[in-house]
Amino acid sequence: MKTIPVFVWIILLHEASSDCGCQKLDRKADEDKAAPLPDQVCQQRAQGGASHYRDYYGELEEPEIADMSLIPGGRSVYMGTDNPHFPADREGPERQVKLEDFYMDKYEVSNDAFAKFVRATNYSTEAERFGDSFLFKSLLSAEEQKRLEDFRVASAVWWYKVAGVSWRHPNGADSNLDNLGRHPVVHVSWRDAVEYCKWAGKRLPSEAEWEAACRGGKERKLFPWGNKLMPRNEHWLNIWQGDFPDGNLADDGFEFTSPVDSFRQNVYDLHNIVGNVWEWTADLWDANDVSDNPNRVKKGGSYLCHKSYCYRYRCAARSQNTEDSSAGNLGFRCAKNA
């Protein structure tokens, strides 16, 4: 059950280099050379000026797995890192896990896709039932920021809990989904994501599956495509450029979210697996947590991340929120057993 806060007193900011506050948006408390690709993977095929990969298994013809990629398992894959950037995030140690083949959505779930689910089921998200969600400061006017200053997140005062914000109104109570149909759905809790995946005949990926998909058959690489952030001096993901939390230069072309098919990032044909919006996974942050509202692992970082304070758009990076949390940079994609 939601607890309605009266005031959230502002405390001193933490060091910007240590934490963007992204994992603080919990409703229960407003605080604080590449390895060779697997044999199954791909044959490269030119398509216009770009390169496209098809997996060994051929075209995906079944309607329920359209727009999904087959991620090969049957072997041990690396996850985690022995060189953690945020030790408190439990990024290490590096270890090997064995996975079965599985399918992963090529794209984050879009507003259009989520709207179909809502029309079919009459589902109401937790943000809609609670009546509010977390919104980043640049989406609020100076007057709104002043009026809502007592409802800021204590350790990340650029986040505001705003009434009337939900997936239908992602950028403010008076906003709508015009021209955002192909953008990722946001302001969805872990429980909302689970319900959507069930309806679609899918499920949330485990953290290990998510990370294996992110790595694209590579080992010990920072990003889905390798170690260099901007190969060929091009932007490969939607993150923050400029000084945070003010002065987003949007050099990658997007100040906020980008369409779900904006950045193709690895040979599994996955788009926006890092950057754009955080993505829920099935895993508990603490495997022994038996509370009613435990923290769940989220992966991938978002458009608000920058290396100077939130270097969490690496495949090994991770963070967490409570199951009922929602925010304007938190979405998901689904997986499915092969």
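This is a predicted model: local features need pLDDT of at least 70, side-chain atom pairs count only at pLDDT 80 or more; totals for chains, interfaces and linings use all residues.
C214 and C315 form a disulfide, with their sulfur atoms 2.1 Å apart. The term disulfide is used here for a pair of cysteine sulfur atoms within 2.5 Å.

Residues are numbered from 1 along each chain as its sequence is written, and side-chain values use heavy atoms, with hydrogens and water left out.

Let us return to the bond of C214 and C315. The torsion about its S-S bond is about -75°, so this disulfide is left-handed. C214 belongs to helix 5 (residues 207-215), while C315 sits in the loop between strand 13 (295-299) and strand 14 (319-322), so the pair ties together parts that are 101 residues apart in sequence. Helices (H or I, at least four residues) and strands (E, at least two) are DSSP runs, numbered from the N terminus.

Are these two cysteines buried or exposed? C214 counts as buried at 0% relative accessibility, and C315 is likewise buried at 0%. Buried means under 20% relative accessible area, exposed means over 50%, and partly exposed lies in between (1.4 Å probe, protein chains only).

How many disulfides does a search of the whole structure find? It finds 2. In the other one, C197 is joined to C334, with an S to S distance of 2.4 Å. This pair links distant parts of the chain: C197 is in helix 4 (residues 190-199), and C334 is in the loop between strand 15 (330-331) and strand 16 (335-337), 137 residues apart. The link of C197 and C334 is left-handed, with -90° about the S-S bond. C197 is buried, with a relative accessible area of 1%, and C334 is buried at 0%.

Just after helix 5, G216 takes a positive phi of about 60°.

Helix 4, which holds C197, has helix 1 (residues 111-121) as a neighbour: their axes come within 11 Å and cross at roughly 80°. That makes helix 1 roughly perpendicular to helix 4. Axes are lines fitted to C-alpha atoms, for helices over the stretch in contact, and angles run from 0 to 180 degrees between N-to-C directions. Angles under 35 degrees count as roughly parallel, over 145 as roughly antiparallel, 65 to 115 as roughly perpendicular and the rest as oblique. From helix 1, residues including F114 and F117 meet E195, Y196 and W199 in helix 4; contact means heavy atoms within 4.5 Å.

Three strands form an open sheet in the order 5-8-16, with antiparallel pairing; two strands pair if DSSP finds at least two bridges between them. Strand 5 (68-71) and strand 16 stand at the edges, each with a single partner strand, so one side of each is left without a neighbour in the sheet. Strand 8 (residues 102-105) pairs with strand 16 over 3 bridges, and the partner of Y103 in strand 16 is K336. Helix 5 lies across strand 5, strand 8 and strand 16, running at about 75° to strand 8.
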